[in-house]
Amino acid sequence: MVARARSASFAARVIDWQHAHGRHALPWQGTRDPYRVWLSEIMLQQTQVATVLGYYERFLRRFPDVQSLAAARLDDVFALWSGLGYYSRARNLHRCAQAVVTDHDGRFPSTGEGLARLPGIGRSTAAAIAAFCFGERVAILDGNVKRVLTRALGFDGDLAVAAQERELWAEATRLLPEHGIESYTQGLMDLGATLCLARSPQCPQCPVRPLCAAARNGTQERYPVKSRTLKRGRREHLWLWLRWRDRLWLAQRPETGVWAGLWSLPEFDSVQAFDAASADWPGTGEALPSFTHVLTHLDWTLHPLRWTLPERTASARVKAITDALPAGRWFGIDEALVTGLPAPLRKLLAERF
């Protein structure tokens, strides 16, 4: 009885706070259209709201519904996604839209369980869509919500262990309110994004502070517990910008790994490797400023080198050069800038072409 009353108090505090102080003006709020909610949830994974806003609006202008997205070329999807990162999300977004159209007659499933069977929709994302669009009483557990709940509950299980993650899911489900699932779900998201921050949590303004074990004990920094931390790597390449007759050579990256499926510049492991490959090339090279692109798990230092082949170079000679590079094709600059490019390449071309 005490535990049930405590759960009800927790949910009520979250709901009341969300009504009074939560976010209400985001463009994907105030709708039960699962397409729009799904799009926002996928974009918001690992990405700040402020960054997502512009992308969301542009994406909807180009693909206003699931049918138009399913019918699009993947390159067009990548082009609109460029700069958001985690490009597997864009690929899965496209696959998911096609699955909804092909397998579900253009209608998203109405339950979290059904939504989680679609490509690229995990359990927490599926639950959010089901709660916001269909009113299903189901728990979410994204990164922000894990932080809120583990602090509030004093949950010190190691979330790198599957059994402990399942236990937290059970706790999240136990805390669900009987009514007001939409406001409760949004409230948890808002708390994690605005008050219960990873660093410098704003505990005095938090509605669940009286019930929060971490705030009571001054142990906010201990939660959530996850023993396996991501090890950052380092990578360094020469980035070849090959030009010929106002065009540039782009290679499509593999479907897995960094920038999967995007069009990018060929890479060389070192200046020496490039010098050996280009020893008999006609034309001239120009070293551009190096930079380090910071990814979640990787610091990637790139050294762009722009090599311009003389316009008079015979097509057969040019073909022999490109045959030795990763498979790709020539792009005009306007065509390149509207295809799927990594954000640092788009910036480089816009500034230097």
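Helix H9 buries Val 145, Lys 146, Arg 147, Val 148, Leu 149, Thr 150, Arg 151 and Ala 152; buried means under 20% relative accessible area, exposed over 50% and partly exposed in between, with a 1.4 Å probe and protein chains only. The model is predicted, so local features need pLDDT of at least 70 and side-chain atom pairs count only at pLDDT 80 or more, while totals for chains, interfaces and linings use all residues. Residues are numbered from 1 along each chain as its sequence is written, and side-chain values use heavy atoms, with hydrogens and water left out.

H9 spans residues 143–153 and is mostly covered, with 8 of its 11 residues buried. Helices (H or I, at least four residues) and strands (E, at least two) are DSSP runs numbered from the N terminus. Asp 142 caps the N-terminal end of H9. One of its side-chain oxygens lies 3.2 Å from the backbone nitrogen of Asn 144. Gly 154 follows H9 and has a positive phi, near 65°.

The largest pocket has a volume of about 1,800 Å³. On a 1 Å grid over the protein atoms alone, a pocket is an open set of points with protein on both sides within 12 Å along at least five of seven lines, whereas a cavity is a set where a 1.4 Å probe fits but cannot get out; lining residues have an atom within 4 Å of a point. Grid points are joined across faces, edges and corners, and a volume is the space filled by probe spheres set on the points. The largest pocket is lined by 48 residues, and Leu 44, Gln 46, Asp 142, Gly 143 and Asn 144 are the closest to its centre. H1 (2–21), H2 (34–44), H8 (123–134), H9, H10 (162–174) and H11 each give two or more residues to this lining. The largest share, 6 residues, comes from H11. By class, the lining has 16 nonpolar, 21 polar and 11 charged residues. Ala, Val, Leu, Ile, Met, Phe, Trp, Tyr, Cys and Pro count as nonpolar, Asp, Glu, Lys and Arg as charged, and the others, Gly among them, as polar.

The second largest pocket holds about 420 Å³. Of its 20 lining residues, Gly 85, Tyr 86, Tyr 87, Leu 295 and Thr 296 lie nearest the centre. Helix H6 (88–103) and strand E6 (291–294) each supply at least two residues.

The whole structure contains 2 cavities of 30 Å³ or more. Cys 196, Cys 203, Cys 206, Val 208 and Cys 212 are the closest to its centre among 14 lining residues. The second largest cavity has a volume of about 30 Å³. Its lining has 7 nonpolar, 1 polar and no charged residues, including Tyr 184 and Leu 188. Helix H11 (residues 181–194) gives the largest share, 3 residues.

The largest nonpolar core has 92 residues. Such a core is a set of buried Ala, Val, Leu, Ile, Met, Phe, Trp, Tyr and Cys residues joined through side-chain atoms within 4.5 Å. Phe 10, Trp 38, Phe 59 and Tyr 184 have the most contacts inside it. H8 gives the most to this core, with 8 residues. Phe 10 touches (heavy atoms within 4.5 Å) Leu 149, Ala 152, Leu 175, Tyr 184, Leu 188, Val 208 and Leu 211, not counting residues up to four places away in sequence. Another core, of 15 residues, lies apart from the largest one and includes Leu 238, Trp 249, Trp 281 and Trp 330.

Notes:
Polar contact = N/O pair within 3.5 Å; in protein donor to acceptor, adjacent residues only side chain to side chain.
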